[in-house]
Amino acid sequence: MFQFDIITLFPELVKPYFSESIMKIAIEKKLIQVNFWNPRDYTKDKHKNVDDTPYGGGAGMILATQPMYDCIMAAKQQNKGKVVFMTPSGKKFSQSKSEAFVKNSKGGLILVCGRYEGMDQRVIDLCVDEELSIGEFVLSGGELPALVVIEAVTRLLPGVLGNQESHENDSFSKKFKRRKKYPVYTKPEIFMGLAVPDVLKSGHHKKIEEWRNQNLR
Ligand code: SAH
């Protein structure tokens, strides 16, 4: 079982995603486990503040240092996997990174979702193993990026996908030399005047394989 621990100020935003489809089934089959940690539960000041002003001034708030640190450290007690901070300034997430997590992250990941203007650099230096971005754009929080990583990793776990939809035939897989998948077609043979390539109807497996390899994008 692969264990995901999600550190977020907004667990209720994230939870519904696990109530349908592949993620739900993966939980039911005990292939993954998902836990939530809210830094708000780790505040020590009486106002339960989870943000604070930036040194050096400027717009926006920063995630409060102590609750983030205590919350991440608490999660680390229960998950020996890598601690990943989602941030636009991180390294670009990829299929090969996903594969590496399945192989080398001790059966788990702790995903830290940022908010506001991000997290104090010292908390990153003390607690975080990797900083990852899902692309060159800015969202309001790390919740969607964390779900992106969790879903990409979950698809790769044995037993999650049926044989037919195996991840081995996905874009960016090793089999496709990390390239994008060939075009796919279904019925009817002619749609709006456009035909399915003849070779795909030939039943000739070797030629079909060749066509598919030549049409990777
Ligand atoms: N001001 C910051 C962005 C803050 S966005 C900057 O310029 O870098 C608030 C939070 O959303 C971030 O801490 C991060 O956790 C998340 N986030 C936004 N865009 C993201 C992206 N492309 N990839 C990963 N996380 C992202």
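Helices (H or I, at least four residues) and strands (E, at least two) are DSSP runs, numbered from the N terminus. In this predicted model, local features need pLDDT of at least 70 and side-chain atom pairs count only at pLDDT 80 or more, while totals for chains, interfaces and linings use all residues. Residues are numbered from 1 along each chain as its sequence is written, and side-chain values use heavy atoms, with hydrogens and water left out.

**Overall fold**
- The protein chain has 7 helices and 9 strands.
- Its radius of gyration, taken over C-alpha atoms, is 21 Å, well over the 17 Å that the globule rule (2.2 Å times the number of residues to the power 0.38) gives for 217 residues, so the chain is more spread out than a compact globule.
- Along the principal axes, the C-alpha atoms of the protein chain fill a box of roughly 70 × 40 × 30 Å.

**Shell around the ligand**
- The ligand is surrounded by 19 residues (each with a heavy atom within 4 Å of it), of which the closest are M86, G114, E117, F137 and L139.
- At least two residues of this shell come from each of β5 (82–92) and β7 (130–133), and β5 gives the most, with 3 residues.

- An oxygen atom of the ligand is 2.6 Å from a polar backbone atom of M86.
- Nitrogen atoms of the ligand are involved at two further residues, with 3.1 Å to a polar backbone atom of I134 and 2.9 Å to a polar backbone atom of F137.
- Taken alone, the ligand exposes 560 Å² (Shrake-Rupley method, 1.4 Å probe), and the protein buries 85% of that.

Definitions and conventions:
A polar contact is a pair of N or O atoms within 3.5 Å; within protein, one must be able to donate a hydrogen and the other to accept it, and residues adjacent in sequence count only if both atoms are side-chain atoms.
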